[in-house]
Amino acid sequence: MVPQSIENLKAICRDVRADIVKMTAAAGSGHPGGSLSSVELLTALYFNVLNHRPEDPHWPERDRFILSKGHVCPVLYSVMARTGYFPVEELMTLRKFGSRLQGHPSYKALPGLESSSGSLGQGLSIANGLALAAKLDGKSYRVYCLMGDGELQEGQIWEAMMTAAHYKLDNVCAIVDYNNLQIDGKVEEVMGLNPLVKKWESFNWNVIEIDGHDLAQVLKAYEEAANHKGQPSVIIAHTIKGKGVSFMENVAGWHGKAPNQEELERALQEIYGGGK
Amino acid sequence: MSIKKLPNRDGYGLGLIELGKTNPNVIVLDADLAKSTRSDWFQEKFPDRFFDLGIAEQDMLGTAAGLALAGKIPFVTTYGVFVAGRAWDQIRTTVCYAELNVKIAGAHGGVSVGPDGATHQALEDIALMRVLPNMTVVVPCDAVEAKKATIAVASIQGPCYLRFAREATPVFTNEEDSFQIGKANQLVDGSDVTIIACGPIVYESLLAAEELQKEGISARVLNMHTVKPLDAEAVLKAAAETGAIVTAEEHQIFGGLGGAVAELLAKQNPTPMEMIGVKDTFGESGTPEELAEKYELTAKDIVKAVKRVLARKKD
């Protein structure tokens, strides 16, 4: 795929945000908050970073992306559709009976998904297995894995952090969408993660800390991660839950709630700023 | 004449070595129990294809899922309790939902684990694995069959659970006996009752049939090494031809082989049944013999169960 300019990526991010609110509104349920916080991270990844062929989703040399926090599948479905995995119109079937766009990702339902997810904390282990296989086979593909900050409370992730470092899986790039909120409230109040950077560093990871909504920083972080050898890399991306829709920003209640028609219209107006 | 005894996990180790030679995609993972599960036999011969994940079963299952997604055939190995129980959600959501080609070996099944006590005696694993869509569940009866089962699961696509015992148990099947996943082996024919068993307790079932023969009771013995998919044809034939069934397994009487047989018969041909197994309780420390006696898992107990079921048999 031809890499996009930052200006183009910004425009695509607006479309992705619009997709997220439209899809969840049409479904009447879903998870807009954490989807909106990951928009720049996944748009940059799917349009400019991944070595992939949307028209040939089983291409063996492709880079892999594992969505560990499966509930934010609206953002993943959107970037997949917009990079050509399936028609953009299909996005509106999210969560509906018979849809390939299941409420949480189903590997068997939709070509291009690299795993099923929804039960939190499992993706990094899967990414490690794929990365280990690449090393065994002498292949150069890379494996990316997006996790939520609340998700890091799952113990399995810390097991997988040890495994990736132990086997020196420098072809793994973990991404933490650090939006500070989870269903029950602020992450630091529910079950604190601080000091998060030190934790990853002490597990022998290369840590790259960025503003997850600044596309230039996001792109640079992916490049730095790819160039770092001998250790897995993690991008700790500071983000805002609900980013781009003022009444959803930093409100835990929008973790798993769909906008109604009026809210949808307001959201779209804000996203496109009055004109597309 | 004393019969040769071997732990059926030895068959697993030998099967892995065979697979290592013939299939470069086979990878073995363990969670710090390689010596005990016999996966170290593979490790010694194929060190580049063996990975210890440490005492982290959930991560081990996820890592195996990733390897399977990349076309490998990972065998994850640990005790049955730690894999079927602790990593159940990983097996359900990551492995079975996506129908990934992950092979799961659960060692130390049953109370005959002995002195380690209840925490280490897997008594629920067959039920936990059998309830999962896309899963195949195989419970070999001896070391020879365990080797065949290990090799056989590598040749089918999709998740499989293999269950092994800890103690040396009688080796009574032969290399040349056929072994096909999903197809029961009839070891003894009989017309009055059928004993359907899996795992090392199949041998006790044979002893029970011998004992019953002396009393003029003709018992058929089926080695139901594959609990899922159940060989419905063999079960229905046994029900139709013998009219009474006793199941035997070193597992809770709920949800395992007995449950599988009962579910089938209730729908297709209700037949008087008795179930030999652990009766809704935990195990404890002791010698395998003491425990088999206490939890009523011996040939003697199977004989009693046969007599109970025969008393209820319809003419």
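Let us begin with B:Ile195. Leaving aside its neighbours within four places in sequence, B:Ile195 is in contact with B:Ser205, B:Ala208, B:Ala209, B:Ala219, B:Val221, B:Val246, B:Ala248 and B:Ile302. Two residues are in contact if their C-beta atoms, placed from the backbone, lie within 7 Å.

Please note that this is a predicted model, in which local features need pLDDT of at least 70, side-chain atom pairs count only at pLDDT 80 or more, and totals for chains, interfaces and linings use all residues. Residues are numbered from 1 along each chain as its sequence is written, while chains are lettered from A and ligands numbered from 1 in the order in which they are written.

Which residues have the most contacts inside the largest nonpolar core? They are A:Ile175 and B:Ile195, and this core has 192 residues. A nonpolar core is a set of buried Ala, Val, Leu, Ile, Met, Phe, Trp, Tyr and Cys residues joined through C-beta atoms within 7 Å. A residue is buried if 20 or more other C-beta atoms lie within 10 Å of its own, exposed if 12 or fewer, and partly exposed in between, with C-beta atoms placed from the backbone.

I turn to the sheet of chain B. Five strands form an open sheet in the order S9-S11-S10-S13-S14 of chain B, with mixed pairing. Strands (E, at least two residues) and helices (H or I, at least four) are DSSP runs, numbered from the N terminus. Two strands pair if DSSP finds at least two bridges between them. The edge strands, S9 (185–188) and S14 (273–278) of chain B, each pair on one side only. Strand S10 (193–197) and strand S11 (219–223) of chain B pair in the parallel sense over 5 bridges, and B:Ala197 stands opposite B:Asn223 in S11(B).

Helix H9 (201–214) of chain B packs on the sheet, touching S9, S10, S11 and S13 of chain B, and its direction makes about 170° with that of S11(B). Such angles run from 0 to 180 degrees between N-to-C directions, and axes are lines fitted to C-alpha atoms, for helices over the stretch in contact. Helix H10 (232–242) of chain B lies across S10, S11 and S13 of chain B, at about 155° to S10(B).

Finally, the chain contacts. 23 residues of chain A are in contact with 22 residues of chain B. On the side of chain A that touches chain B, H5(A) gives the most, with 9 residues.
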